[in-house]
Amino acid sequence: MKALDELVNPRSGEAGLELAPAERPAPSPRKDGQRPYPGALVVVEGIDGSGKSTQLYLLKRWLEIGGYRLHFTEWNSSELVKSATKRGKQRRLLTPVTFSLLHAADFADRCERQILPLLHSGYLVLADRYIYTAFARDTARGCANAWLRNLYRFAPIPDITFYFRAPLEVAVNRILSGRPKLKYYEAGMDLGLSFDRAESFRIFQGMIMEQYDRMTETDNFVVMDGTLKVNRLQKKMREIAEERVDLDRFRPGKKA
Amino acid sequence: MRRNGKHSGGRAGRANGSPAGGLGRFFGTPLPGLHEEEWAGSLIVLEGSDGSGRSTQIALLTEWLESEGFAVQTMGLRRSSLVAEDIDDLLANNAVTRMTLALMYATDFYDQLEHRIVPALRSGMLVLADRYIFTLIARAVVRGIDREYLHGLYEMALRPDITFWLNVRPEVTFEREFKKSHAISYWEAGRDMSLSSDLYQSFIRYQGMVKKEFEILARRHHFVEVDGERSVAEVNGDLRAQIAARLGIRSTRFRPASARAPLWR
């Protein structure tokens, strides 16, 4: 519950719901130890076909085999709002704003019921895509960046954000060669970029990648070269994980 | 009737343009794909707790405005085609966290705003909102969600031309609601907040907290506060007088058709 004086004295000015974007606390990374929980959060980001899921899977297997206390979570996996998202997509009712809000509602459910409680109880949480997926994709769709940053203000800041980056053509061709049926929103058809789904997908992925690139500095991404061999990339990922997170505290027998 | 804030002078005859003097159509950033433009329609909001007489007044106002030749579109909470049913399910199961619920309500609101309200206003219709973002903000704030977070969330909402607040004491709404349905709902009594095991106490405390938040919103957004404890006809007369002044309607005389006539006694 908010403190009483904050309830009575709203901070922002006259008749405005708006906040100056600069005043909004951007989810910038904090130094280790300043987090209000003993757990750690490691996330992977990148466009489709950048190799991020494969790499996170291998990291997870390595830690699982070592007996580490961990939990794996995916973007867009909550049961709670699945029916709404499905209905909206099937009937093509979603606008950039409602598309964004539904995913935020879905994420909020996962965040409040899984991610935060697990971080508080001392788990290492691995996330395949995180809020940066929303920032990149929804900004590409036309939502205001400041609005999106505010929307996800409740999300804990990752300890490491691995950004898997492969040239657009490489990533897109990995997807298009293996999975020819692209869904309407997935291909960005709602943006009217092209009548051809594959072409629309290509353009849309390029727009998303541009947004990811912009966040590299501001959100402290660790850029991973998605064109490297899988095992070499994984070796690197493990080294960085060990270096940036005190993995020892998630080992079997250790208390949070 | 009391007018909050400083925009208290009636600006009769203005039926279009930006709502509150000098401020934009939107509270903050416009909706994607839209920009500030002149719309012929007007947005009139009625806020007030359950049992404040809101729905009755909306029905009467619709009848009056239609008799005056205005095309009326209504909106309200949980009425979007996108997520209304899903919110009903979430509320029924009360397994939902406060943030998810707040965001589902935001989805419901923006779906109606984009698909119903904006097109209606553009085509010159009069939109009557049976509750608006203010209820959503107040409910979430009393549940501990940051006020500025919520204001940011709703910055793409349209600024109403008039926001009426039907102010009724919780003790009175309790009686009215109980008479109507012989029960008080879980959410109306704020039972998710563990305020009291006694239903009446829980209801009074919860509605009191929401009301306090409304007082803050009323100052910030210049609500027209209406004493909702008076008769239906008296309250309606006040609302008609204000709306008539805004829209340039000369006559505020009105008698409801036979179906609603009993309300007038």
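Two residues are taken to be in contact when their C-beta atoms, placed from the backbone, lie within 7 Å of each other. The model is predicted, and local features need pLDDT of at least 70, side-chain atom pairs count only at pLDDT 80 or more, and totals for chains, interfaces and linings use all residues. Residues are numbered from 1 along each chain as its sequence is written, while chains are lettered from A and ligands numbered from 1 in the order in which they are written.

**Figure 1. Contacts, burial and elements of chain A.** Of the contacts in chain A with a separation of 6 or more, 80% join residues 24 or more positions apart. Chain A has 256 residues, and 41% of them are buried (buried: 20 or more other C-beta atoms within 10 Å of the residue's own; exposed: 12 or fewer; partly exposed: in between; C-beta atoms placed from the backbone). Its secondary structure consists of nine helices and five strands, where helices (H or I, at least four residues) and strands (E, at least two) are DSSP runs numbered from the N terminus. Read from the N terminus, the order of elements is α-β-α-β-α-α-β-α-α-β-α-α-β-α.

**Figure 2. The side of chain A that touches chain B.** Contacts between the chains involve 37 residues of chain A and 37 residues of chain B. On the side of chain A, two or more residues each come from α3 (82-90), α4 (96-120) and α6 (145-151). The most are given by α4(A), with eleven residues. By class, this side of chain A holds 22 nonpolar, eight polar and seven charged residues; Ala, Val, Leu, Ile, Met, Phe, Trp, Tyr, Cys and Pro count as nonpolar, Asp, Glu, Lys and Arg as charged, and the others, Gly among them, as polar.

**Figure 3. The largest nonpolar core.** A nonpolar core is a set of buried Ala, Val, Leu, Ile, Met, Phe, Trp, Tyr and Cys residues joined through C-beta atoms within 7 Å. The largest one has 134 residues, and those with the most contacts inside it are A104(A), I44(B), L103(B), V127(B), A129(B), I137(B) and F164(B). Helix α3 of chain B (residues 98-122) supplies the largest share of this core, 13 residues. Leaving aside residues up to four places away in sequence, A104(A) touches A134(A), L151(A), Y152(A) and L103(B).

**Figure 4. Packing of α6(B) against α7(B).** Helix α6 (residues 170-181) and helix α7 (residues 199-220), both of chain B, pack at an angle of about 125° with their axes 9 Å apart. Axes are lines fitted to C-alpha atoms, for helices over the stretch in contact, and angles run from 0 to 180 degrees between N-to-C directions. The two helices are therefore oblique to each other (under 35 degrees is roughly parallel, over 145 roughly antiparallel, 65 to 115 roughly perpendicular, and the rest oblique). P170(B), E171(B), T173(B) and F174(B) of α6(B) meet Y200(B), F203(B), I204(B), Q207(B), G208(B) and K211(B) of α7(B). Five of the residues in this contact are nonpolar, three polar and two charged.

Figure 5. Helix α1 (residues 54-67) of chain B packs against α8(B) at an angle of about 55°, the axes being 10 Å apart. The pair α1(B) and α8(B) is therefore oblique. T56(B), Q57(B), L60(B), L61(B) and W64(B) of α1(B) meet V232(B), V235(B), N236(B), L239(B) and R240(B) of α8(B). This contact has six nonpolar, three polar and one charged residues. R246(B) also lies in helix α8 (residues 232-247) of chain B, and R246(B) counts as partly exposed because it has 18 C-beta neighbours inside 10 Å. R246(B) and I162(B) are 84 residues apart in sequence and 8.5 Å apart in space, C-alpha to C-alpha.
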